[in-house]
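Here's a quick tour of a protein model, going from the overall layout to single side chains. Have the viewer open as you read.

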Amino acid sequence: MNKEITWNTWGNFGINLIAGTILDKERNQIAYTYLPDYLYKISKNAKIKRNERTVDFVKREDVLLNYKEVQNNNFIVSPIFIFSALLIIVLFITVKNIKNNKRSKVLDFLIFFITGLIGLILTYLWLFSSHTTAPNNFNVLWAFIPNIIIAFLLLRKSVKLWVKNYLKVAIVLLNLIPLLWILGLQSFPVTLIPILILLNIRYFYLLKNLLPSVK
């Protein structure tokens with residue numbers, strides 16, 4: 001799939017986001033025939049037996065449509081540009097928060113609520129949908145469902161002490177993703193890298209600067 005869809009596209013990001021480990025398993029040639037290019041190559045070179053003779057499966061080729069594929073070269077609206085821009089914005093706000101000793105609660109709410117909501121959708125597709133490629137999706141390690149609850153807690157001036165322990169767990173889960181990627185257990189979208197860096201920056205900031213903390 002990644003060979004057919006350019007890596008820096010929303011289509012590639014979306015497919016790799018909702019698909020689990022099953023999409024990364026090696027398949028035989030027949031399994032790839034849902035893709036038109038592979039179906040064409042296999043059919044073109046296929047042989048069949050007819051009247052005890054081996055003949056070509058395809059007798060002739062007729063071109064119905066002959067046009068060049070349109071490539072979207074608008075880098076400004078590409079995932080890597082937008083996610084990198086978000087990373088820079090969050091980094092800038094975090095540095096400003098450190099200097100002013102004041103936390104941007106709205107930013108933290110948006111980060112946690114959006115990632116939790118994405119996790120909720122991915123988990124629903126995994127457990128309750130009929131999509132065969134959705135199960136065993138480790139994207140839920142960064143799109144963590146409990147983040148939805150934490151998002152509202154972070155709107156308060158004071159937070160419970162256990163929230164910091166939660167952040168430690170979230171950081172561990174977040175940084176398991178590169179390990180799973182390296183081990184080949186699941187291929188994640190390359191455009192996800194700025195998001196992972198963004199989350200690490202904000203999680204570590206919150207872990208150190210969530211004050212005051214109460215029981």
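First, some ground rules. This is a predicted model, in which local features need pLDDT of at least 70 and side-chain atom pairs count only at pLDDT 80 or more, while totals for chains, interfaces and linings use all residues. Residues are numbered from 1 along each chain as its sequence is written, and side-chain values use heavy atoms, with hydrogens and water left out.

**Layout**

The protein has 8 helices and 4 strands; helices (H or I, at least four residues) and strands (E, at least two) are DSSP runs, numbered from the N terminus. Reading from that end, the order is α-α-β-β-α-α-α-β-α-α-α-β. Of the 215 residues, 33% count as buried, where buried means under 20% relative accessible area, exposed over 50% and partly exposed in between (1.4 Å probe, protein chains only). Take the contacts (heavy atoms within 4.5 Å) between residues at least 6 apart in sequence: 73% of them join residues at least 24 apart.

**The core**

Nonpolar side chains tend to be buried together in soluble globular proteins. A nonpolar core here is a set of buried Ala, Val, Leu, Ile, Met, Phe, Trp, Tyr and Cys residues joined through side-chain atoms within 4.5 Å. The largest one has 38 residues, and Phe112, Trp142, Leu154, Leu199 and Tyr203 touch the most other members. Elements giving two or more residues to this core include α1 (10-18), α3 (79-100), α4 (105-127) and α8. Leaving out residues up to four places away in sequence, Tyr203 touches Phe112, Trp142, Asn147, Leu167, Ala170, Ile171 and Leu174.

Asn200 sits in helix α8 (residues 193-209) and is buried, at 16% relative accessible area. Beyond its neighbours within four places in sequence, Asn200 is in contact with Ile171, Leu174 and Asn175.

**The surface**

The accessible surface is about 14,600 Å², and 64% of it belongs to carbon and sulfur atoms. One nonpolar patch is made of Trp10, Phe75, Ile76, Val77, Phe81, Ile82, Leu86 and Ile89, with about 710 Å² of accessible area together. Patch members have over 30% relative accessible area and no salt bridge; like charges are joined within 9 Å, and nonpolar side chains (Val, Leu, Ile, Met, Phe, Trp, Tyr) within 5 Å. Helix α3 gives the largest share, 4 residues. Ile76 lies in the loop between β2 (53-56) and α3, and is exposed because its relative accessibility is 54%.

**Salt bridges**

There are 3 salt bridges, each a side-chain nitrogen of Lys or Arg within 4 Å of a carboxyl oxygen of Asp or Glu.

| Pair | Closest N and O atoms |
|---|---|
| Lys47 and Asp56 | 2.3 Å |
| Asp108 and Arg103 | 3.0 Å |
| Arg202 and Asp108 | 2.6 Å |

Arg202 in helix α8 and Asp108 in helix α4 are 94 residues apart, so that pair links distant parts of the chain. Shared partners join Arg103, Asp108 and Arg202 into one network. Asp108 and Arg103 are both buried, and Arg202 is buried too. As for the remaining pair, Lys47 is exposed at 54% relative accessibility, and Asp56 is partly exposed at 41%.

**One last stop**

Lys160 is in strand β3 (residues 159-160) and counts as partly exposed at 34% relative accessibility. Lys160 and Leu210 are 50 residues apart in sequence, yet 9.6 Å apart in space, C-alpha to C-alpha.

Terms used: Accessible areas come from the Shrake-Rupley method with a 1.4 Å probe; for residues, only the protein chains shown count as cover.
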